[in-house]
Amino acid sequence: MSRRRSSRQRTSLEEAVARASPTVAQRLADFGGNLRYDDLPIAVVEAIKLHVLDSVGCALAAHALGVAEAVGAVVGSQAGNGQSTAVGEQLRLPAASAALVNGTLMHALDFDGTHGASRVHVSAPVIPAALACAEENDL
């Protein structure tokens, strides 16, 4: 008995997927993609500013202690023509490399912000990626 689907079955499956409700990931992506700065409440903007400032402070403290030197050495060898920077460094890196170094620095001392209700450290993975993308795109 063959496990391969006929083209008629595949078409039916593809049609069913197309008719299905958007996934949570798709809805979040749509929300984020359509969100504009002016849509954000002032309290949210102020909280974001504090999270960014706190995260950069954590990164500076970690950089001063040399806790991400190994990561910096690996991505530094791949520097190339990047447009993004790592905290405490002058070397320009590709956005993904800068985000990796900065994420390492921001989380290294484990002082990065925690969302109390979910017990997750949201700032350390999100802020470095956002900063690297913004810098790469001159935002």
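**Ser84.** I looked up the side chain of Ser84 in this predicted model and found that it reaches the backbone oxygen of Ala132 at 2.9 Å. Ser84 belongs to strand E1, residues 84-85.

**H3 and H5.** Next I took helix H3 (residues 42-65) and helix H5 (residues 95-108). Their axes come within 7 Å and cross at roughly 90 degrees. Angles of 65 to 115 degrees count as roughly perpendicular, so I put H3 and H5 down as roughly perpendicular to each other. Which residues meet here? From H3 I noted Ser55, Val56, Cys58, Ala59, Ala62 and His63, and from H5 Leu105, Met106 and Ala108. The residues of this contact divide into 7 nonpolar, 2 polar and no charged.

**Whole chain.** I counted 6 helices and 2 strands in the protein chain. Along the sequence the pattern runs α-α-α-α-β-β-α-α. I checked the radius of gyration: the protein chain has 20 Å, whereas a compact globule of 139 residues would have one near 14 Å. The C-alpha trace spans about 60 × 40 × 30 Å along its principal axes. Buried residues make up 21% of the 139 residues. Of the contacts between residues at least 6 apart in sequence, 51% join residues at least 24 apart.

Terms used: Residues are numbered from 1 along each chain as its sequence is written. This is a predicted model: local features need pLDDT of at least 70, side-chain atom pairs count only at pLDDT 80 or more; totals for chains, interfaces and linings use all residues. Side-chain values use heavy atoms; hydrogens and water are left out. Helices (H or I, at least four residues) and strands (E, at least two) are DSSP runs, numbered from the N terminus. A polar contact is a pair of N or O atoms within 3.5 Å; within protein, one must be able to donate a hydrogen and the other to accept it, and residues adjacent in sequence count only if both atoms are side-chain atoms. Axes are lines fitted to C-alpha atoms, for helices over the stretch in contact, and angles run from 0 to 180 degrees between N-to-C directions. Angles under 35 degrees count as roughly parallel, over 145 as roughly antiparallel, 65 to 115 as roughly perpendicular and the rest as oblique. Contact means heavy atoms within 4.5 Å. Ala, Val, Leu, Ile, Met, Phe, Trp, Tyr, Cys and Pro count as nonpolar, Asp, Glu, Lys and Arg as charged, and the others, Gly among them, as polar. The radius of gyration is taken over C-alpha atoms; the globule rule is 2.2 Å times the number of residues to the power 0.38. Buried means under 20% relative accessible area, exposed over 50%, partly exposed in between (1.4 Å probe, protein chains only).
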